[in-house]
Amino acid sequence: MLSNTGNTLIFINIILTLSIIYFSFQFLNKEKRNFGVKKFVELSLYQTTLSLIIFFTLILGFVFSDFSIENVYRNSHTLKPLFYKITGTWGNHEGSLLLWINVLVFFSYLFLLFNKKSNHIFLIYTLLIQNFLILGFLLFLFVNSNPFSLVVPKPLEGLGLNPILQDPALAIHPPLLYVGFVGSSIYFSAAVASLISGLTGSEFAKKIKLWVLISWCFQTLGITLGSIWAYYELGWGGFWFWDPVENSSLMPWFVMTALLHSVMVLEKRNMLYSWVIILCLMTFTLSVTGTFLVRSGILNSVHTFANDPSRGLYILVFLSVMIFFAITIFIKKNKKDHYIFSGYSKETFILANNWFMAFFLFTILVGTVYPIFTEVLTQTKVSVGPPFYNITIIPIVIPFLLLMAIAPNISWIKDRTNNLKKISFLIILSILINSIIFHFFKSMSLISNLIIISSLFLIFYTLSDFFSSYKKKIYLVPSRIVSHLGFGLLIFFIGLNHNFSIEKDFNIKVGEKKSVENFLINFESLNLIEKENYKAIVGTFRVDNKKNLNSNTLSPEIRIYSQPETLTYEASIRTRLSHDLYLTMSNINRTELYNIKFQKKPFMMMIWLSAILISIGGFLRIFKK
Amino acid sequence: MLTKKVKNRILFLTLFITILVVFIFYLAKILNNNLLFFKTPSDLIENQNIKIGKSIRLGGMVKKNSIVATSDEIKFIITDFKNEIIVSYKGAVPNLFLEEKGVVAEGFLKDKKYFIANRVLAKHDENYMPPELKEVIKNAK
């Protein structure tokens, strides 16, 4: 029943999308134009409503466990808690593709609604391109990855959802990330439309600014949430692993960040038009590429759903067509830009920011796709280890942080102020604090010191900006200050976290004790508990701090989920503002010993808060508008 | 004579290309030092010129009855059903690290048959495993 409804609705949606495309062509052909933009707003509203209904149909299928739908059968189970039945809807390839389409459609509608009164030719071209994208993904959904496929005969019970996906953070992580990832489609479309319709320069910048900002904010939040999930769920005890899937969410983020800055140059100074267009095209291209890399199973990552080569092929073809089309239009229509840059001006610094972003992007891209090339060309299997990223990226972050502090205060066109005094004072202050930190704890490598110094410099510089604007009674919206401060704090806390973490892996029996630096870990007992959808072996560990006589009880679990039968390790984490205590336990075949990973990780909470602060800066600006 | 504008351009271009070349070399060098090649026990034993001490990834199955744990390390044998290598590991083992299941150990050879691992990867669940491993298991069967 639901399956038929779903399929019919998808089919109607395809027809609707085709009709929007058809009417767009009619509208753009002046002789045949006998209707206004209002018609498109209506059609888009239908399209949005319809997409939402399709999505809810699938959710209903999950809620009522309609196992005649293959997707529900594969990813759900009657005994699963209701919350995870619902979130399971987008916890699989087909469902998440449906979510993807919803975001595409929503952005299309909102963009139309917000720009109803502006240049109609540009607007309808944007809508046209966007609807081609929607059509492409709808066809993909309908033909290749249909979430409403039937299973005959109807199974009595579903296979269940992978337990590591049964988690609240992971329930909201995909929707957030998709708003960022897929939201970038709208300025991809707008960029192509701008090239065709000739709406260029600062006019164009004003049109896309809001959308770049929105997608950037959500992308930042989405990445943070994914990282938090990996930290407590995967049990590796870190927050960033340079896994291909993390990389492919980070790559569009770099381009978005570059775009966010260069759009300002385009708006204020009417320069860098071609560059902004390239960035717009790149963002969505990279989003689709990322999806291709993880979904096709070419790269090995946590997000590789059950592999199906035909999916990869479809996305690859779609991607190639998209890139080819965009590049052709770009080459044909792009006009020569004029650049008048003086060395010491805001625009030069923003360009520098873009170069840094390009560097980060390129490095991560090389690291991520290199294994594919070696496999295809030389048949050798390699993987790129995390040291590659650390060695290449970390040193470059230092000058980046310094510039990030100074640049926002430099004025447009040509700057004549002299703030050497302030800079040297703040650098000395940062060095002093850095030496205090390291003197009282332990000595560390040169690069760590430089990272701490430069991040402190960024923090102080941004704060002093805030106070001086406050003194001058210019109450500007502090979005830039909040975001830059957030970034400074993020790097600062990552630096401290990296240098002052304690980590120890060991094997231990029940009743034994183990001493790790100034902690004494007592393995007190083991208990078996039964929950709604899993059984668990719970260990009780008392962790005594020998220095301040504090005592914490940590209870890591080994969970055995029944549907599907899976073993997972649940880390036990005691979170404080200043540090996390982190303990995972796993059993070892044929022995009484348990394998323990114990970590004291300083400032984990602060790392998450700083990352969230970065996106809060963006949200402040959105709501100011 | 070259005009000032042309001179500037040439200067800019040379600077740009030099930076680009230096940057690519820098990246390539680091990349080369950090590549982890995937090997099976047979690769290591049959091939004479494997460098001892170089970081690699070793993949195969954990041999039955081979896991031995003491208070600070775990020893087990990785086999591809033709050859075997003893692995010593001092870290935390992942989900589903079990005998007769697939495993990938990251580390280096101490001598011909003895491998020191600093990271051990196994599959997260029934549907997920490192693709390298899938092939090893497929070939073994």
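**Ground rules**

I number residues from 1 along each chain as its sequence is written, with chains lettered from A and ligands numbered from 1 in the order in which they are written. The model is predicted, and local features need pLDDT of at least 70, side-chain atom pairs count only at pLDDT 80 or more, while totals for chains, interfaces and linings use all residues.

**Domains of chain A**

I looked up the domain assignment of chain A and got domain 1 (1-165), domain 2 (167-362), domain 3 (386-496) and domain 4 (502-605). The bounds come from an automatic or database domain assignment. I also checked the centres of domain 2 of chain A and domain 4 of chain A, which are 39 Å apart over C-alpha atoms.

**Helix α5 against α6, chain A**

Helices here are DSSP runs (H or I, at least four residues), as are strands (E, at least two), numbered from the N terminus. Helix α5 (residues 93-114) of chain A and helix α6 (residues 120-144) of chain A have axes that come within 10 Å and cross at roughly 165°. I take axes as lines fitted to C-alpha atoms, for helices over the stretch in contact, with angles from 0 to 180 degrees between N-to-C directions. So α5(A) and α6(A) are roughly antiparallel to each other. For the angle words, under 35 degrees is roughly parallel, over 145 roughly antiparallel, 65 to 115 roughly perpendicular, and the rest oblique.

The crossing of α5(A) and α6(A) is left-handed (the near helix is turned anticlockwise from the far one by less than a right angle; clockwise would be right-handed). What meets what? From α5(A) I noted residues including Leu97(A), Trp100(A), Ile101(A) and Phe111(A), and from α6(A) the list includes Leu123(A), Gln130(A), Phe137(A) and Leu141(A). By class, this α5(A) to α6(A) contact has 16 nonpolar, 4 polar and no charged residues. Contact means C-beta atoms, placed from the backbone, within 7 Å. For the classes, Ala, Val, Leu, Ile, Met, Phe, Trp, Tyr, Cys and Pro count as nonpolar, Asp, Glu, Lys and Arg as charged, and the others, Gly among them, as polar.

**Helix α6 against α7, chain A**

The axes of α6(A) and α7(A) come within 8 Å and cross at roughly 130°. That makes α6(A) oblique to α7(A). This crossing of α6(A) and α7(A) is right-handed. Among the α6(A) residues involved are Phe122(A), Tyr125(A) and Ile129(A), and they face an α7(A) set that includes Ile186(A), Ser189(A) and Val192(A).

**Helix α7 against α10, chain A**

I then followed helix α7 (residues 168-197) of chain A to helix α10 (residues 273-295) of chain A, where the two pack at about 140° with axes 8 Å apart. That makes α7(A) oblique to α10(A). α7(A) passes α10(A) in a left-handed crossing. The contact of α7(A) with α10(A) has 11 nonpolar, 5 polar and no charged residues.

Most residues other than glycine have a negative phi, and most peptide bonds are trans, so I went looking for exceptions. Val152(A) and Pro153(A) are joined by a cis peptide bond, with omega about -5°. Pro153(A) lies in the loop between α6 and α7 of chain A.

Ser65(A) has a positive phi, near 45°, without being glycine. Ser65(A) is in the loop between α2 (37-63) and α3 (70-75) of chain A. Leu549(A) also has a positive phi, of about 60°, and is not a glycine. I found Leu549(A) in the loop between β5 (534-545) and β6 (551-554) of chain A.

Are these two buried or exposed? Ser65(A) counts as partly exposed because it has 17 C-beta neighbours inside 10 Å. Leu549(A) is exposed, with 7 other C-beta atoms within 10 Å. Buried would take 20 or more other C-beta atoms within 10 Å, exposed is 12 or fewer, and partly exposed is in between, with C-beta atoms placed from the backbone.

**Ile447(A)**

Ile447(A) sits in helix α15 (residues 446-471) of chain A. Not counting residues up to four places away in sequence, Ile447(A) touches Ile394(A) and Pro395(A).

Note on methods:
Two residues are in contact if their C-beta atoms, placed from the backbone, lie within 7 Å.
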